[in-house]
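Opening my notebook on this one. I want to go through the sheet, the helices and the cores in turn.

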Amino acid sequence: MRFSIIKVVFFKELRETLRDRRSLAVMFGIPLLLYPLVAIGISGIGVAKLKRAAEETRTVALLDAEGVPHLAKMIRENPKFKLAPDTSADEALAALKDRRIDAILNPPKDAERRALASEEVVISLDLDRSRTESAVIEQRLLKLLGDYEKWVIGERLRTRNVPDTVLRPVQAQTIDVATGGQRLGMMLALMLPNILLVTGMLGAFFPALNATTTEREAGTLETLLVTPAGRTELLVAKGILVLLSSFLTAGLNLVSMSLVLWKALSMIEAFKGVLDINATAMLLTYLAALPALIFFSAVVLVVGLLARNFREANAFATPVMLIPLASVAISMAEPAITPGILVTPVASTTVIIREVLTGHVTLGAYVLAFASSLLYAGIMVSLAARLFSTEQLVNPAWEPLSLKGLRKTAQIGRGPRRLPAIDEALILFVVCLLLLFYLGDVVGGPRLLPKVVATQILLVLGPALLFAFLGRYDWVRTFSLRRPGWPAIIGGVCLGIGLTPVVRYLGTFQDWFWPRDTESMRAHAEMFIRPLMEHPWLISAVVGVMAGVCEELLYRGPIFAALRRRLSIWPAIAASAVLFAAAHLDVHGLPIRTGLGMLLGYLVWRTGSILPAMIAHGLYDAAQLAYAAIMIRTYGSGAEGDIAVANLGSTVNLVQLGIGCLLTGAGLYLVTRRPIPATDPPADGLPVVPAADATPVAPAAGGAVPLH
Amino acid sequence: MIEVRELTKTYEDPDGGIVPAVAGATLTCRAGEIYGLLGPNGAGKTTTLRCLATVLTPTSGTAVIAGHDLLRDPEAVRRSIGFLSATTGNYARLTPRETLRFFGSLYGMEKDRLGARVEEVLNLFDITSYADRPNDRLSTGMKQRVGLARAVVHDPPVVILDEPTSGLDPIVTHTVEEAVLSLARAGKCVLLSTHALSQAEDICTRVGIIGHGRVLGEGTVEDLCQRTGTHNLRGAFFALLGHAPTRNVPPGTTLAPDPH
């Protein structure tokens, strides 16, 4: 990588950005002007209103004033109140609704005499809460009534010759140990993560689109690609500028918002002198946000690379801009700091900023959140680099996010047999996910067996078959419906059984640093315990077969086939595995299910057939449930049984683990014995070239072609 | 300077089939000549030129440009060529002078040499009077001159032009053609694609007729006419493409007036 090339391209991009008024408005205009103007406006209006509300005299109607003479006297002597002339209840209510008076106090008849006689008396306070000043009025009147109550109590005690100090045995005194910086930090923690991420993304938006979409539209990208500058060098130079814009915009917003909030709050009496800006916390906050800013900058670059023109880029970017809003919800929920939260995108940045601002952050948590965000940023940057490397980038007709595949599906029954396109596969996945989410609890009723069968057939397999039928997919190529050799079948069996103890052990290891939520663990165990007690082997067999057949036909069927057309084999295996794991709607189970999904995808590719993967998946699920059934028999169905089933990992012993590892190894050996079959089309997207034809062949067709 | 042998480029269509955009193109272009690649829309001209410019990777075949192998040493190829197409544009917020400086820097030209060369190219293409005006405020003809200047700022031995006069008016077209002729006179190898027969006849030293992804015939206009038994480039063009021309009149023939 040549620094001289990167420097030349970077400064060209910088020059263009500085001449782009839109970029400058977003980067500088909003933080430097908008916040102060909004703060001035709000404080000007708000403070004036509060002041007016505090000083204004309130008119109160006191019904049956003769019955509460002392209360009437208190109202007359209070300069903040004015007693309305005597009136009936109906007239007073009408006056209240017309806003001629501010409140009505309605004591029962002879209230004061009865209260002094130790009766409990209720004085109702009628207010109009549709008025913005009603809170101030209520607060004042409740204080007045509180003082009246104290007078009544004092009179009661006096008649009994008891001093009123008996009512004050314990005095509470609140001491706030938080620093001014922590107090301000708590207020900032709600909105600051969101502000940082959104403004960072906005700051990156126009430079990213200028560097990608605009270059494609204007035809200048091609002029760059025919120079000696490598694609990586070009992307690094453009990426640096996009990042700098993002960092600068986010930084300016951080400083501006903090200063404005501090200044605005300091004008309020309650906060005078108790708030501070902690510079170190601000710096750590900014640092914590940097990986997330890199991530979102890369997201905007990807959007720019996928869009054919500026209008399309705007349309793609709009839903993407909503992602940082998740940080607002997370801030409000205030989740506990767990390793799981610290590796979850957006959530990790949000919670660590909160911890920094409130002065409770630990080094380990900070490092974990930073590292995980950096990892996701790296993945997104790789995706941007991969897209930038595709030679289709200079093709104005390239529509990576087109729905051409879906339009073909809509033709229903017409056209030749074909493979699914990536857009169809993703929509199929989303349809299944939504069906599972909304109907998963309803379909099949409350009993486990009918529920599993109905869910798998109607919500998993059904959509896959429907899409295949409507889209006229080639059944053999799409679902890998080929007969495998016996080694592959036996390998699938070995893997299905061998993985059971291995995965349990891995689960225990995961639980050690990322404990599962006990409530969901119990609920999951509960769903299976009773049915396993009644029909242990039937449940195991049916669930195994259903999951093995239906889920494989969906995830290693059209979804995998479509991904393989666009990606090389390992990214396709990984992507289908992630989708498979995500569809189970269980964040904690995501890593292990992804691993299993990758193994199953590998089986399909390596053997050219879906059958070994079905066998492995089905046997694995069946074995897990059979193991659970054995545990229930051993420990019973009570609390011990619940705990045993919920903690099955810890019941795996080394012998079982050893056998599991051996069987897994044997299974992998058996499925890799034979060479990769030459499926039609080639399984990894490369044309099959006989060894005798030694002509250099570049990867054909479709997917990203790495350029020099 | 340019030798292409059996160049092939295929794509995958949405149904998984293979579409050959270029199917074994073979051509030779020498220094000091203008080679016109002539063909109908969709013949494979643009794909061929983009492969030679290293924007696309050929599926198979070989090419040697200015002594460098296209597949083995693409960066050396890019250093040796200037490329301009009908779809390439200029940076809207840069001026012509800034554009030439930028591209000259990308080609590794040193500061002193770059400054002199930029002024030379600005003079050569008569851009000096608007050299400091932003590109988005230039007319179409001016922009095309800036594009051509950008393609040759680093003085490459080979210039590849993909329909450089597409959409231009006759005056600007003439200006561009004069500029292309001057490049050939300066000893550069110019490979130019066009679907305008008259342009090929006027400025090209040799012509290659491309159809269905293959170069169906190449040579001087006279060679092509002789080979196809026709009297002009138009006749040769249609003969090679396998379409009967609507008229194939020998030169000098007086046409009788239409009785109707």
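I count two strands as paired if DSSP finds at least two bridges between them. Helices (H or I, at least four residues) and strands (E, at least two) are DSSP runs, numbered from the N terminus. This is a predicted model, so I kept in mind that local features need pLDDT of at least 70, side-chain atom pairs count only at pLDDT 80 or more, and totals for chains, interfaces and linings use all residues. Residues are numbered from 1 along each chain as its sequence is written, while chains are lettered from A and ligands numbered from 1 in the order in which they are written.

Entry, the sheet. I looked up the strand order in chain A and got β2-β1-β3-β4, an open sheet of 4 strands with mixed pairing. Its edge strands are β2 (81-83) and β4 (124-126), each pairing on one side only. From one strand to the next the twist averages 30° (axes are lines fitted to C-alpha atoms, for helices over the stretch in contact; angles run from 0 to 180 degrees between N-to-C directions). In chain A, β1 (residues 58-62) and β3 (residues 103-106) pair in the parallel sense over 3 bridges. I found A:Ala61 opposite A:Ile104 of β3(A).

Entry, helices of chain A. Helix α6 (residues 134-159) lies across β1, β3 and β4, at about 55° to β1(A). Contact here means C-beta atoms, placed from the backbone, within 7 Å. Does the length of α21 (residues 486-513) agree or disagree with its residue count? It agrees: the 28 residues should span 40 Å at 1.5 Å a residue, and the end C-alpha atoms are 41 Å apart (expected span is 1.5 Å times one less than the number of residues). Still, α21(A) bends by about 40° at A:Leu499, with A:Pro501 following within four residues. That bend is the angle between axes fitted to the seven residues ending there and the seven starting there.

Entry, cores. The largest nonpolar core has 146 residues, and A:Ala298 and B:Val190 are among those with the most contacts inside it. Helix α11 (residues 279-306) of chain A gives the largest share, 17 residues. A second, separate core of 69 residues includes A:Cys494 and A:Phe580. My core is a set of buried Ala, Val, Leu, Ile, Met, Phe, Trp, Tyr and Cys residues joined through C-beta atoms within 7 Å; buried means 20 or more other C-beta atoms within 10 Å of a residue's own, C-beta atoms being placed from the backbone.

Entry, totals. Chain A has 29 helices and 4 strands, with 39% of its 708 residues buried.

How values were computed:
Contact = placed C-beta atoms within 7 Å. Buried ≥ 20, exposed ≤ 12 C-beta atoms within 10 Å, placed from the backbone.
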